[in-house]
Amino acid sequence: MGQAGCKGLCLSLFDYKTEKYVIAKNKKVGLLYRLLQASILAYLVVWVFLVKKGYQDIDTSLQSAVITKVKGVAFTNTSDLGERIWDVADYVIPAQTAAGACRERPCPDPTSQAKPLFDCAAGDCSILSESVENKWDPENFQVLVSQGENVFFVVTNLIVTSNQRQNVCAENEGIPDGACSKDSDCHPGEAVTAGNGVKTGRCLLKENSARGTCEIFAWCPVETSSRPVEPVLKEAEDFTIFIKNHIRFPKFNFSKSNVMDVKDRSFLKSCHFGPKNHYCPIFRLGSVIRWAGSDFQDIALEGGVIGINIEWNCDLDKTASECHPHYSFSRLDNKLSKSASSGYNFRFARYYRDAAGVEFRTLMKAYGIRFDVMVNGKAGKFSIIPTIINVGSGVALMGAGAFFCDLVLIYLIKKREFYRDRKYEEVRNWQRSAGSRARAGKEQEIDWVGEE
């Protein structure tokens, strides 16, 4: 027995096994099977290949560079600043040029007796040698932080505190940590939390009141806590924004720009962005705000954040001229909320010296619109590998259709037991007659009379 069993096992290695098919002539199940096949084929052709372009290799590692410029001039006449012309170096932060960066700490009028703290003639805003020790706070150096050219800020409103000098004065009444009723409430040398300076140890009481505020050493007078009533730079609605974007897909070594490649320099001075002019990325500021679903006068009052999204979806099986940028605009901050933290603002200062060499400054709380330029996209090109993978997946789904129809026949129709007996055979003995083996090997065809 052992020898015979080993011999039979060795001979079975050279056997070829094939499936036995049972043809069930049932119109309902046959129609279901063909519908499944047609649905899978339509999914493969329409969705996978035509819509999702499953025959392409995709590159999503987009490399992008963004350059922005804002242009426009506004005139204001306020009690704090008087008559003043605002150009791009005044209202755009970060500044677009080295000269503009120096203007963040400007020189006074040459005819005045005030001396600048920074040397504007040097071109790099270097500090003059005669500058004295300073009490530095966040306003002194905040303006030196660059935000990157894909993020820029346009000032639309200001609260100005002029002629601030380092001295002692009362803390702002709206600061909880600065409130006091006696001198012991003001610990000398302790910084006021969320305040403007350092406590001196004195409590300055109001007339006919038992409460007051701590005396502090700070830039005095301290900033007022009033909120703006109307925007100062109303004309900013007509400013223009130039957004230059260069992109590259490294996998395909494909590069393109959103600016039309023309030699006529006057083109960018006369064109404006529109539905039929996507290669002139010069946007009116008010239009961008409107496309983002906001009102300019509303956002200009206390500021906000606007997102400008540039989408590149390039089919590189077509010509490069078919790859176009698509722009969308959105309000990124919560425009519906009117909380204490709504809007967008920050502070910066401009520093001077008087004839006696004493430093003073003008503090500005700037409200405005922050623009975030975001670039994303993908490129696709024909490749045999994803094509084969998706075709193979479609063929596998065809097999799933046959499996589903088998489940219907075995478990759902009325004569399911009859079909199950024909599909599955139970082998009870190793030895079978030649006649039974011949019958089992034949392809069986089942006719169900009366079954639809």
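Student: Which hand does the crossing of helix 2 and helix 9 have?
Tutor: The crossing of helix 2 and helix 9 is right-handed, where right-handed means that the near helix is turned clockwise from the far one by less than a right angle, and left-handed anticlockwise. Helices here are DSSP runs of H or I with at least four residues, and strands are runs of E with at least two, numbered from the N terminus. This is a predicted model, in which local features need pLDDT of at least 70 and side-chain atom pairs count only at pLDDT 80 or more, while totals for chains, interfaces and linings use all residues. Residues are numbered from 1 along each chain as its sequence is written, and side-chain values use heavy atoms, with hydrogens and water left out.

Student: At what angle do helix 2 and helix 9 pack?
Tutor: Helix 2 (residues 27-51) and helix 9 (residues 384-411) pack at about 160 degrees, their axes being 10 Å apart; axes are lines fitted to C-alpha atoms over the stretch in contact, and angles run from 0 to 180 degrees between N-to-C directions. The two helices are therefore roughly antiparallel to each other, a term for angles over 145 degrees, whereas under 35 counts as roughly parallel, 65 to 115 as roughly perpendicular and the rest as oblique.

Student: And which residues of helix 2 and helix 9 meet?
Tutor: On the helix 2 side they include Leu32, Leu36, Ile40 and Phe49, and on the helix 9 side Val391, Gly394, Met398 and Phe404 are among them, contact meaning heavy atoms within 4.5 Å. The residues of this contact of helix 2 with helix 9 divide into 18 nonpolar, five polar and no charged, with Ala, Val, Leu, Ile, Met, Phe, Trp, Tyr, Cys and Pro counted as nonpolar, Asp, Glu, Lys and Arg as charged, and the others, Gly among them, as polar.

Student: How do helix 9 and helix 10 pack?
Tutor: Helix 9 and helix 10 (residues 416-423) pack at about 120 degrees with their axes 6 Å apart, and they are therefore oblique to each other. Asp406, Leu409, Ile410 and Tyr411 of helix 9 make the contact with Arg416, Tyr419, Arg420 and Lys423 of helix 10.

Student: New topic: is Cys169 buried or exposed?
Tutor: Cys169, which lies in strand 10 (residues 151-170), is buried, with a relative accessible area of 16%; buried means under 20%, exposed over 50% and partly exposed in between, with a 1.4 Å probe and protein chains only.

Student: What is Cys169 in contact with, beyond its neighbours within four places in sequence?
Tutor: Leaving those neighbours aside, Cys169 is in contact with Leu204, Cys214, Glu215, Ile216, Cys220 and Val222.
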